[in-house]
Amino acid sequence: QVRHSIRAYTPESIPQADLDAILHETILAPSAFNLQPWRFVVVQDAAAKQRLAGAAYQQKQVTAAPAVIAIYSDMADTLANLDQVTRPGASPEQVAGFRKMIDGYFGKYSEADREAWGQQQGFIALGFLLLAATAHGYATSPMGGFDEAAVKQVLDLPPNSHVVALVALGRGAEPGTPHHRHSMARVVRTI
């Protein structure tokens with residue numbers, strides 16, 4: 001299936017089983033060191049979506065879609081809970097080695113640089129979310145246009161976190177704009 005960015009949605013709600021399936025497939029996205037620094041907030045409440053729309057420059061899909069998923073990264077939480085991403089069955093020596101490697105790698109980063117690194121990983125999850133939603137028959141509209149500080153306030157996100165994207169999700173009420181993309185020859189080079 002080919003996805004399009006959709007800004008008009010039918011009013012039907014999304015069954016929890018569908019949301020769970022889409023998010024389960026999304027969190028299977030790969031991440032460097034398997035750190036999985038992404039976090040998600042599913043916004044379905046009409047009043048919360050209205051507040052979120054204010055933080056997203058009144059983009060109509062925020063209130064039109066039955067759900068908006070905010071993707072954010074939180075490296076402070078990720079690094080504070082490394083035990084949650086350590087491979088099951090790892091020996092104490094392997095766990096200690098993993099912690100030492102991660103501490104060494106991120107020790108050279110400032111807090112802002114660590115959070116920016118986590119945001120980059122979050123974009124991988126964004127791609128998986130868009131594809132998973134499409135595979136389940138749902139339309140999406142990823143949004144990068146928003147006031148990050150305002151989104152954090154509306155959703156009560158940690159101050160250190162980075163908002164990766166907002167994604168409107170639902171059954172499309174429009175076909176979307178036809179794709180206009182570069183040819184493969186224009187963007188792909190084989191060596």
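Let's begin at Q50, which in this predicted model has a relative accessibility of 46% and therefore counts as partly exposed. You will find Q50 in helix α2. Setting aside the residues within four places of it in sequence, Q50 touches Q58 and T63. For a sense of scale, pick out G97 as well: Q50 and G97 are separated by 47 residues in sequence, and their C-alpha atoms lie 47 Å apart in space.

Now stay with α2, which covers residues 46-55, and look at how it meets helix α7, residues 148-155: their axes come within 8 Å and cross at roughly 165 degrees. Angles over 145 degrees count as roughly antiparallel, and α2 and α7 are therefore roughly antiparallel to each other. The crossing of these two helices, α2 and α7, is right-handed. On the α2 side the contact is made by A48, R51, L52 and A55, and on the α7 side by A150, V151, V154 and L155. Sorted by type, the residues of this contact between α2 and α7 are seven nonpolar and one charged, with no polar residue.

Follow the chain onward from α7 and you come to the loop between α7 and β4, where S161 sits. Is S161 buried or exposed? Its relative accessible area is 1%, so S161 is buried. Beyond its neighbours within four places in sequence, S161 is in contact with Y72, S73, E115, E148 and K152.

Next, turn to helix α1, residues 16-26, whose buried residues are L19, I22, L23 and T26. Why do they lie on the same side of α1? They cover an arc of only 95 degrees around the axis, and this puts them on the same side of the helix. What covers the buried residues of α1 includes the strands β1 (38-43), β2 (67-73) and β4 (162-170), together with helix α6 (111-135).

The axes of α1 and α6 come within 8 Å and cross at roughly 140 degrees, which makes α1 oblique to α6. The crossing of α1 and α6 is right-handed. Here I22, E25 and T26 of α1 meet A125, F128, L129, A132 and A133 of α6. The residues of this contact between α1 and α6 divide into six nonpolar, one polar and one charged.

Technical notes
Residues numbered from 1 in each chain as written. Predicted model: local features only at pLDDT ≥ 70, side-chain atom pairs only at ≥ 80, totals over all residues. Heavy atoms only, no water. Axes fitted to C-alpha atoms, helices over the stretch in contact; angles between N-to-C directions. Helix = DSSP H or I, 4+ residues; strand = E, 2+ residues; numbered from the N terminus. Parallel < 35°, antiparallel > 145°, perpendicular 65-115°, else oblique. Left-handed = near helix turned anticlockwise from the far one by under 90°. Contact = heavy atoms within 4.5 Å. Nonpolar A, V, L, I, M, F, W, Y, C, P; charged D, E, K, R; others polar. Buried < 20%, exposed > 50% of the residue type's maximum accessible area, 1.4 Å probe, protein only. Arc of directions from axis to C-beta.
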